[in-house]
Structure formats: structure tokens, C-alpha cells
Amino acid sequence: MAMMDLLSAEEIKAAVGAFSAAESFCHKKFFEIVGLKKKSPEDVKKVFHILDKDRSGFIEEDELKFVLQGFTPTGRVLSDKETKTLLAAGDKDGDGKIGID
């Protein structure tokens, strides 16, 4: 399954484009612009699985760095600071990775 099967190309382009500048990434705004906030929990889980490149059941810091590229190959790599902020927002149990829940 590809990201375009779940989200519109226009929303992906708008979301990735909105955060093309270094140090500009805001996960809350990104997920809103890309359309994830209006998706069903099942669709959000499908997106999670696409971003979980190593199929470990978790999205680790090294995968988060490339999260924008998970939506489109032209997405930029997040900075270490942006990656750590995103990880802190999603890592509810402090184990250094984001689980599907």
C-alpha cells in the first residue's frame, strides 16, 4: 500500500511544502494539513505501517528523521532537533520509539 492510496496528492504536497524550510516542522500542523486528523483509526494505522520501514512495529528515531520522505520522495530530512521533538511527542512510554497506539 502506498501513501497516495490513503491521502490525497494535493494534501501531501501542501503538507510537505509547508515545512520545506529547515527547522520549520510542526507535527501537529503537518498531520492536520496532510489530512490524517480526519482519517479513521484504521487508516492512521495503515500510514503508521508505511512509515515503519523496518516492520518492527515501532517507528524509531532513525525512521522519524525521514518521515517527510515517507509521504513523498521529495520530502526533506528532519533535523536532529525536529526528530527529537517529534519523538518526544509520540513516545508515550519513554522507550525511545513510537508504537502504533
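These legends go with close-up views of a predicted model.

**View 1. The largest pocket and its lining.**
The largest pocket has a volume of about 760 Å³. Its lining counts 27 residues. V44, F48, I98, G99 and I100 lie nearest the centre of this pocket. Several helices and strands take part. α2 (27-33), α3 (41-51), β1 (58-60), α6 (80-90) and β2 (97-99) each give at least two residues to the lining. Which element gives the most to the lining? Helix α3 does, with 6 residues. By residue type, the lining holds 15 nonpolar, 3 polar and 9 charged residues.

**View 2. The two spans annotated as EF-hand.**
An unreviewed UniProt entry carries the annotation "domain: EF-hand" for residues 39-74 and 78-101. Take residues 39-74 to begin with. This span is 56% helix and 8% strand. Its end C-alpha atoms lie 23 Å apart. Now turn to residues 78-101. Here the chain is 46% helix and 12% strand. The end C-alpha atoms of residues 78-101 are 23 Å apart.

**View 3. The annotated binding site.**
The unreviewed UniProt entry places a "binding site" at D52, D54, S56, F58 and E63. Of these residues, F58 is included in the lining of the largest pocket. D52 sits in the loop between α3 and β1. Is D52 buried or exposed? D52 has 2% relative accessibility, so it counts as buried. The cut-off for buried is under 20%.

The structure holds 5 salt bridges. One of them joins D43 and K46. The closest N and O atoms of this pair are 3.8 Å apart. Both residues lie in helix α3. D43 and K46 are 3 residues apart, which is about one turn of the helix. K46 has 35% relative accessibility, so it counts as partly exposed.

E61 forms a salt bridge with K84. The closest N and O atoms are 2.8 Å apart. This pair links distant parts of the chain. E61 is in helix α4 (residues 61-64), and K84 is in helix α6, 23 residues apart. How accessible are the partners? E61 has 29% relative accessibility and counts as partly exposed. K84 is also partly exposed, with a relative accessible area of 48%.

D80 forms a salt bridge with K65. The closest N and O atoms are 2.4 Å apart. D80 lies in helix α6, while K65 lies in the loop between α4 and α5 (67-71), so the pair ties together parts that are 15 residues apart in sequence. K65 counts as partly exposed because its relative accessibility is 21%.

**View 4. The pair F19 and F25.**
The whole structure contains 5 aromatic pairs. One of these brings together F19 and F25, with ring centres 5.7 Å apart. Their planes stand at 70°, so the pair is edge-to-face. The cut-off for edge-to-face is over 60 degrees. Both F19 and F25 are buried.

F30 and F71 form an edge-to-face pair. Their rings are 5.0 Å apart, centre to centre, with 80° between the planes. F30 lies in helix α2 and F71 in helix α5, so the pair ties together parts that are 41 residues apart in sequence. Both F30 and F71 are buried. Which residues form one aromatic cluster? F19, F25, F30, F31 and F71 do.

A88 is in helix α6. Is A88 buried or exposed? A88 has 58% relative accessibility, so it counts as exposed. The cut-off for exposed is over 50%. A88 and I98 are 10 residues apart along the chain. Their C-alpha atoms are separated by 8.9 Å. I98 is also among the residues that lie nearest the centre of the largest pocket.

Terms used: Residues are numbered from 1 along each chain as its sequence is written. This is a predicted model: local features need pLDDT of at least 70, side-chain atom pairs count only at pLDDT 80 or more; totals for chains, interfaces and linings use all residues. Side-chain values use heavy atoms; hydrogens and water are left out. On a 1 Å grid over the protein atoms alone, a cavity is a set of points where a 1.4 Å probe fits but cannot get out, and a pocket is an open set with protein on both sides within 12 Å along at least five of seven lines; lining residues have an atom within 4 Å of a point. Grid points are joined across faces, edges and corners, and a volume is the space filled by probe spheres set on the points. Helices (H or I, at least four residues) and strands (E, at least two) are DSSP runs, numbered from the N terminus. Ala, Val, Leu, Ile, Met, Phe, Trp, Tyr, Cys and Pro count as nonpolar, Asp, Glu, Lys and Arg as charged, and the others, Gly among them, as polar. UniProt positions are given in the numbering used here, feature names are shortened, and annotations may be inferred rather than shown by experiment. A salt bridge is a side-chain nitrogen of Lys or Arg within 4 Å of a carboxyl oxygen of Asp or Glu. Buried means under 20% relative accessible area, exposed over 50%, partly exposed in between (1.4 Å probe, protein chains only). Rings of Phe, Tyr and Trp (its six-membered ring) pair if their centres lie within 6.5 Å; planes under 30 degrees apart count as stacked, over 60 as edge-to-face and the rest as tilted.
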